[in-house]
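Colleague: I am new to this structure and would be grateful for a guided discussion of it. May we begin once it is on display?

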Amino acid sequence: MDSPASGSETAAVSSAFDRFDPRVQKWIWDQGWQSLRSAQEHAAEPIMAGDRDVIVAAATASGKTEAAWLPICSVLATAPPETGVKALYLSPLKALINDQHSRLDQLCEYLELPVHRWHGDVAGSQKKLVLRKPDGLLLITPESLESLFVNQGEKMGKLFGGLRYVVIDELHSFIGTERGAQLRSLLHRLELATRHQVPRIALSATLGDFAAAAEYLRPGAGEDVVVIDAAEERAELRLQLRGYIAADPIKAAADPTGELVDWAKGAIVDHLFATLRGTDNLVFTNARGLVETYTDLLARRCADANLPNEFLPHHGNLSKEVREHVEERLKASDTPTTAICTSTLEMGIDIGSADSVAQIGAPLGVSVLRQRLGRSGRRGQPAVLRLYVSENQLDERTPPADAVRAELMQTIAMVDLLLERWYEPPDLKKLQLSTLLQQVLSVIAQRGGADAASMFDALCARGPFRNVDQPMFVALLRVMGQAELVAQAGDGLLLHGQAGERLVNHYSFYTAFTTDEEYRLVSRGRTLGSLPVDYPVSVGSLLIFSGRRWRVLSVETEQKIIDLEPARGGKPPSFPGVGAEVADEVRRRMRQWYESDDVPPYLDKIAQRLLDEGRSSYKRLLLAQQPIVSWGRDTVLMPWRGDKIMNTLAVVLRQHHLEVGQDGVALTVRRTNAFGLWELIRDLAVDRQPAPLVLAETVANKASEKHDRFLTEELLIASYAARSLDVPGAWSALAELATAPRPESEAE
DNA sequence: AAGCTAATGAGGGCAA
């Protein structure tokens, strides 16, 4: 927690400070704080009232967690001991729990309140202590709370009977996800088990739509949630967008050595090496493979210059030991370290403050960019953000999607929205059937059996799965019966079936999201990390991993272990994944930038040139008037809409027997001429909009979530339609496309 | 024209 450099308001005259318990006040004095921060000042009263839900929205490092804990601890200071857990803190990360634990432990010592941790790495003995003497604060993951419901079902009322507060950290990371649906279900079930409503205090730095976040936090009563929007004066931001031009992809592909690094990567590495060496920085990429590529290149630059390496990788497939080593080095002040990383270093793990943040490639989203930026610029220092964007060299064969320099424009649009404090809105339409299936099994485990009506009431009608109506819930129970996940006892009570028993009794049950099977990578007995099993490796293959080069010594298929020895060559593995969904607002903002002549002041020379090229292409292709472009035998559509609408358009066109490729800003309709497509679009635009379910029926692969494999086609259709289709949005795009002038038909 | 695509989490019983 940082002390403000200057504070005209002292703690002694603060109204919030006066309300705190004397021992909390003493703790604040002992920290040497001159004043409370804005979020802390404003959150105290509504939290201490103890009867309402509160969202604390404040920037990273603005004392957000203290804004929740100081008033909560003040209230709990006078509560009778050992009446059960009094405050529950839910975190998306184990590392965050460990951080919070060490910070809270000290404050709570003043109050003689125990602070307990509970997650997968915590010793069983500590967990037993909580079960024996439940009291104080409990810091836990959603998965571990799930395990408590499954394994300690009958004790939940006693464990949490005295619960006064629930704190949810990094709320944005849950919204719209399977994990979020699980979390909301667990919170609701907690209130049912303890027979009283518990105030929910949510923390986040990147909420765009407060009303939606409030409704997410308290389904059905979002308007009663108190929102503390403590946007403090924006700290200075130093921003640069650097453009790079990559080698012609055809020439690069034809390179026989395979060693050729494209020009852009080499130039980016040169700049990173020259700029970041000697300081602590975070370089974010959008892919784990790219982390490996850049770390390897930077480490070689260090070796070539006879300098110790300061560039280290950090991503989700590296072992905990490898990652913790990097985190330690970032924290230590005497070892300059730059971590090349993915989202793993996005959230509030305490690594001190970075001197600067770099982002390679267009950001995955505006809120992702905000999170990443938040890792630099603490302690009154300006935040420094460098964005590196490379585009392919232009020639007459460059397709429209590349010619418009979409990646550069997306970056500019996202910076724009970031400065306006716009963030991706939550998607509250999803059905989350996969997670509902999990929760049905969990409720049965918790209660030793449950009847359908009470489960529908608890989970759907009054619970968080409100988008699921009774017929759909009945259909879900029916497929669960057919798959022997549940079975009905004579008295109508639902119990686990054989398959359900197996599922619930394995620890993989507790997560709501899917995970791939992986090999463990080992060198001389040390675990380096893991690789997805479907990535091809054989004895002798060369690999770049953990920023170093390896040869595969052995592959043990049974134990899923790959043994490695150091080598000289190699290439990074590819990791499977899905691209992030680009929001509608981002694409609309991109279009505004194409149609403007403004040049953002933070572009370097090459970025300016790329901007010019993008705008020239936009004009040359007449995209302002005619977003239907003839491209060889294909036709390209560029309606500047978000990915959900782009997907819906693709589904609609495929329904008319067209082959459609989805490629970011463009839909490529193969072997179709522009005139014919324009006619079809004009017909579609005046047609009645199809029902989403009818449209979803035509989609081939609809399963994507953990338990989707159990669902019937009918349930999959409903789930897909809610998740991936925006029919009104698609029809508004069609209407706009239909106003385009008649394209010239191709000469036969 | 082709390649590229994040992260998160996880128990209990048993034997020594």
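**Questions on the model**

Modeller: S147 is found in helix α7, where helices are DSSP runs of H or I with at least four residues and strands are runs of E with at least two, numbered from the N terminus. This is a predicted model, in which local features need pLDDT of at least 70 and side-chain atom pairs count only at pLDDT 80 or more, while totals for chains, interfaces and linings use all residues. Residues are numbered from 1 along each chain as its sequence is written, chains are lettered from A and ligands numbered from 1 in the order in which they are written, and side-chain values use heavy atoms, with hydrogens and water left out.

Colleague: Is S147 buried or exposed?

Modeller: The terms rest on relative accessible area, computed with a 1.4 Å probe on protein chains only: under 20% is buried, over 50% is exposed, and anything in between is partly exposed. The relative accessible area of S147 is 14%, so S147 is buried.

Colleague: Which residue has its backbone oxygen 2.7 Å from a polar atom of the side chain of S147?

Modeller: A polar contact is a pair of N or O atoms within 3.5 Å; within protein, one must be able to donate a hydrogen and the other to accept it, and residues adjacent in sequence count only if both atoms are side-chain atoms. For the side chain of S147, the backbone oxygen at 2.7 Å belongs to S144.

Colleague: Which helix gives the most to the surface near DNA strand B?

Modeller: A residue is near a strand if one of its heavy atoms lies within 4 Å of it. In this sense 39 residues surround DNA strand B, and the closest are T141, R288, R323, T511 and F513. With four residues, the helix that gives the most is α7 (residues 142-151).

Colleague: How many residues of the surface near DNA strand B are charged?

Modeller: Ala, Val, Leu, Ile, Met, Phe, Trp, Tyr, Cys and Pro count as nonpolar, Asp, Glu, Lys and Arg as charged, and the others, Gly among them, as polar. On this surface eleven residues are nonpolar and 20 are polar, and the number of charged residues is eight.

Colleague: How far is C108 from the nearest cysteine sulfur?

Modeller: A disulfide is a pair of cysteine sulfur atoms within 2.5 Å, and the structure holds zero disulfides. C108 is in none, and the nearest cysteine sulfur, that of C73, is at a distance of 4.0 Å.

Colleague: What is the volume of the largest cavity?

Modeller: On a 1 Å grid over the protein atoms alone, a cavity is a set of points where a 1.4 Å probe fits but cannot get out, and lining residues have an atom within 4 Å of a point. Grid points are joined across faces, edges and corners, and a volume is the space filled by probe spheres set on the points. There are three cavities of 30 Å³ or more. The largest has a volume of about 70 Å³.

Colleague: Which element supplies the largest share of the lining of the largest cavity?

Modeller: W27, T65, E66, W69, Q100, R103, L104 and L107 line this cavity. At least two lining residues come from each of α4 (64-76) and α5 (94-111). The largest share, four residues, comes from α5.

Colleague: Is R524 buried or exposed?

Modeller: R524 has a positive phi of about 50° although it is not a glycine, and it lies in the loop between β16 (518-523) and β17 (526-532). Its relative accessible area is 74%, so R524 is exposed.

Colleague: Is R405 buried or exposed?

Modeller: R405 is a residue other than glycine with a positive phi, near 55°. Its place is in the loop between α16 (400-403) and α17 (406-419). With a relative accessible area of 1%, R405 is buried.

Conventions
On a 1 Å grid over the protein atoms alone, a cavity is a set of points where a 1.4 Å probe fits but cannot get out, and a pocket is an open set with protein on both sides within 12 Å along at least five of seven lines; lining residues have an atom within 4 Å of a point.
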